[in-house]
Amino acid sequence: MLDRLPFLIGLRYTRAKRRNHFISFISLTSMLGLTLGVAVLILVLSVMNGFDHELRSRVLGMVPHSRIEAVDGVKDWHSLADRLKQHPHVVGAAPYIQQQGMFSSGGSTAGAMVEGIDPAAEKRVSIIGNHMTAGHLDSLKPGSWGVVMGDLLARNLGVGVGDKVTLLVPEASVTPGGVFPRLKRFTVTGIFSVGAQVDSNLAYTSLKDMKALARQSGQAQGIRLKFDDLFKAHAITRDIINDLPPGYRGVDWTYTQGNLFQAIQMEKHLIGLLLMVIVAVAAFNIVSTLVMVVTDKHADIAILRTLGATPRTIMGIFIVQGLTIGIIGILLGLGIGVALALSISDIFEWIEAVFNVQFLNPNVYFISYLPSRLQWSDIAVIVGVAFALSFISTLYPAWRAARVQPAEVLRYE
């Protein structure tokens, strides 16, 4: 019975109505502060995890893990690709030719990066084939002068599948009539949408068509590579270049997208640390709550001591009371946070649809929607830290309660 006494009395003190309503208010504030802190922390970290996942799966799914380029162009990309695929960490290789250009159609113009690709090989290094909303990637036949472009790029130009667009490349052609910019008429054969910034500034055409337009000396400008572990891209690229003869250079994804990925990781840690301060403040409000409760319960403590309760028992009573406040707040925050993390994307879309606004412009941000990815490891850390802070907050008031001297208290009762 003595072992259960701290739990029984501690829980009773938590449920009991107090004569001092200010103590009840502070107790409720501590509980609501923990609820809010835990819920917001779970929600924000889930959104940051969502951005991190989308960066890996979508943006880095479109961006090659590495590019191997030759100074004078790749003379035989098939043999080079076969050689590169012999590396144990390379899972895909595809040729490419890149060319900056400007599309125009019906008075509308838009700049874009146009890439000449081999559709069959491209599917091994890119997710583009899985995100076609109209047409097919295989429609890029040599000599057809077809183009597959992002959804936002097509929308800005006001074109769809089957429409004609003119591509202007920043190179001059010398003719008997003078110097003119190089132009070529293309037919839109497909549209893709990955929900990222590339939807507004990327287009694909046939490798051979781009070779003719760019006047590439070799079969390709370089080879795109996909690795089994994208976070080892820098080291793998360096090993590949060391095995190749002079005249080749390698550029991995960390040069183009690494800063973005590192920024998301750093923001996640900093935001998590800042929001954990909210949890800490709410948890340490339990200190003030219990100090006032101990002062209010001096007579009860003295009576319990005269009945044989030890200082350890008295400490246990107020530790149980403080932890009960903390656990209720943590559980409420856990439920609200998980519910919001699982539904925030739908809520975000509903607000955009109802108020006809767009919070994440794909021309500015690398994705156009709010992602969320709940990770139970984050939840375990949040709940564990919040519980630890709540427990630490109970120690000083409980220690003060255990030091109450019954004789001095009862002398004035």
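Predicted model: local features only at pLDDT ≥ 70, side-chain atom pairs only at ≥ 80, totals over all residues.
Start with helix α10, residues 298-306, and helix α11, residues 311-355. Their axes come within 10 Å and cross at roughly 140°. An angle over 145 degrees would count as roughly antiparallel, so α10 and α11 end up oblique to each other instead. The crossing itself is right-handed. On the α10 side, the residues involved are I301, L304 and R305, and they meet P311, I314, I317 and F318 of α11. Sorted by class, that contact comprises six nonpolar residues and one charged residue, with no polar ones. R305 is one of the α10 residues taking part, and arginine is counted as charged.

Helix α11 also packs against helix α12, which covers residues 376-402. Here the axes come within 8 Å, and the crossing angle is roughly 155°. With the cut-off for roughly antiparallel set at over 145 degrees, α11 and α12 therefore do qualify as roughly antiparallel. This crossing, too, is right-handed. As for what sits in the contact of α11 with α12, the tally is 21 nonpolar and four polar residues, and no charged ones.

Staying with α11, V320 is a residue of this helix. Its relative accessible area comes out at 12%; since buried means under 20%, V320 is classed as buried. What does V320 touch, once neighbours within four places in sequence are set aside? The answer is P6, F7, G10 and L11.

Now for the aromatic rings. Searching the whole structure turns up four aromatic pairs. One of them brings together W145 and F186, with 5.5 Å between the ring centres and 75° between the planes. Planes over 60 degrees apart count as edge-to-face, so that is the label for W145 and F186. The two partners come from distant parts of the chain, 41 residues apart. W145 lies in the loop between β4 (132-135) and β5 (146-150), whereas F186 belongs to strand β7, residues 178-192. Is F186 buried or exposed? It is buried, because its relative accessibility is 1% and the cut-off for buried is under 20%.

Terms used: Residues numbered from 1 in each chain as written. Heavy atoms only, no water. Axes fitted to C-alpha atoms, helices over the stretch in contact; angles between N-to-C directions. Helix = DSSP H or I, 4+ residues; strand = E, 2+ residues; numbered from the N terminus. Parallel < 35°, antiparallel > 145°, perpendicular 65-115°, else oblique. Left-handed = near helix turned anticlockwise from the far one by under 90°. Contact = heavy atoms within 4.5 Å. Buried < 20%, exposed > 50% of the residue type's maximum accessible area, 1.4 Å probe, protein only. Phe/Tyr/Trp six-rings, centres within 6.5 Å; stacked < 30°, edge-to-face > 60°.
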